[in-house]
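Trainee: I would like to go through this structure and ask what stands behind the terms used for it.

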Amino acid sequence: VQDGCNQFCTYCIIPYARGRVRSREKENILNEVHKLAKAGYKEVVLTGIHLSSYGVDFPEDKKETLLSLIQAVNEVEGIQRIRLGSLEPGIVTEEFAKELSSMSKVCPHFHLSLQSGCDDTLRRMNRHYDTAEYRRIVGCLRASFENASITTDIMVGFPGETEEEFQLSCAFAEEIGFAKVHVFPYSRRPGTVADRMDGQLTNAVKEERSARMIALTQKTKDAFFRSQIGREESVLFEQPCAKNVWEGYTKNYTPVRVASAVSLAGQERRVKLTEVSGDFCFGLLLP
């Protein structure tokens, strides 16, 4: 629904490569959503390079926000689920979370970009929040949505990151208890501020820290999956993954597999989650 970014994080080339924020007109988006609904699609994902900035480039007489766009999509008949792409933490206020939770189609899965769980590192990255604000935002979402899942991205090996700062990032990730984390090592981008910073770390250090962070966040993911066992959830099935085994997702984006001799493609069914195996929850179809 938008392209470009105005944030200028010190590690990121996107504002230079893709330009400033440019939002699609709401009517253009709604026309596409109506076509998808008419074609039988039940879920749409609203996404962009910097989704939280949707509408900031519109003139005052045509002002829209991400919230007003979501509200409009929520009214489209035939669409049963609205999923959001990556959000900047700053957009999530108590009012924003309350409004989202009033719309039954909005999925309780929030990908909140973190990048680091260390305040000093966040400042060097020119991120516009700190860990205290991030913690508050996660609490706000969890208070507004039952069984919400929080996912994120974490960068390791940013210039100047000490072992102590890395440990702070690990501790914060463990504290939040993410359902899933995309972990990646810092990669230099010529033309960015971070590329010119002192304290560039070796690839060996970055790879070692990546491995440690991945191991830690795999534990938080496993814990979240285990917390789903025993729950009855609505699963939108997408495709077969083996003979008589179908795969889909709950509204909070937990991947689920069930046995079924008949096709479940495109169906939303109630499932009782019974066990965890690898990267999936398994369950039983309910009548």
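Mentor: Keep in mind that this is a predicted model. We can begin with a pair of strands, E5 and E6, the latter covering residues 149–156.

Trainee: What makes E5 and E6 a pair?

Mentor: Two strands pair if there are at least two bridges between them. E5 and E6 have three bridges, in the parallel sense, so they meet the cut-off of at least two.

Trainee: What is the order of the strands in the barrel?

Mentor: Five strands close into the barrel in the order E8-E9-E10-E12-E11, and the pairing is mixed. Neighbouring strands of this sheet are turned by 50° against each other on average, direction ignored.

Trainee: How do you know that E11 and E12 are paired?

Mentor: Strand E11 (residues 268–277) and strand E12 (residues 280–285) run antiparallel and are joined by six bridges. The requirement is at least two bridges, so the pair qualifies. Lys272 has Leu284 as its bridge partner in E12.

Trainee: Which residues of helix H4 are called buried?

Mentor: In H4 (residues 94–101) they are Phe96, Ala97 and Leu100. The word means under 20% relative accessible area, so each of these residues falls under that value.

Trainee: Why are they said to line one face of H4?

Mentor: Looking down the axis of H4, the buried residues fall within an arc of 95°, so they line one face of the helix. On the other side of H4, Glu94, Glu95 and Lys98 are exposed. Exposed means over 50% relative accessible area.

Trainee: What do the buried residues of H4 pack against?

Mentor: They pack against helix H3 (66–74), strand E4 (81–84), E5 and helix H6 (131–144).

Trainee: What makes a residue part of the lining of the largest pocket, and how many residues line it?

Mentor: A lining residue has an atom within 4 Å of a point of the pocket. The largest pocket is lined by 26 residues, of which Tyr11, Cys12, Ile14, Gln115 and Arg127 lie nearest its centre. Helix H1 (14–18), E6 and E7 are the elements that give two or more residues to the lining. The volume of the largest pocket is about 500 Å³.

Note on methods
Residues are numbered from 1 along each chain as its sequence is written. This is a predicted model: local features need pLDDT of at least 70, side-chain atom pairs count only at pLDDT 80 or more; totals for chains, interfaces and linings use all residues. Side-chain values use heavy atoms; hydrogens and water are left out. Helices (H or I, at least four residues) and strands (E, at least two) are DSSP runs, numbered from the N terminus. Buried means under 20% relative accessible area, exposed over 50%, partly exposed in between (1.4 Å probe, protein chains only). The arc is that of the directions from the helix axis to the C-beta atoms. Contact means heavy atoms within 4.5 Å. On a 1 Å grid over the protein atoms alone, a cavity is a set of points where a 1.4 Å probe fits but cannot get out, and a pocket is an open set with protein on both sides within 12 Å along at least five of seven lines; lining residues have an atom within 4 Å of a point. Grid points are joined across faces, edges and corners, and a volume is the space filled by probe spheres set on the points. Axes are lines fitted to C-alpha atoms, for helices over the stretch in contact, and angles run from 0 to 180 degrees between N-to-C directions.
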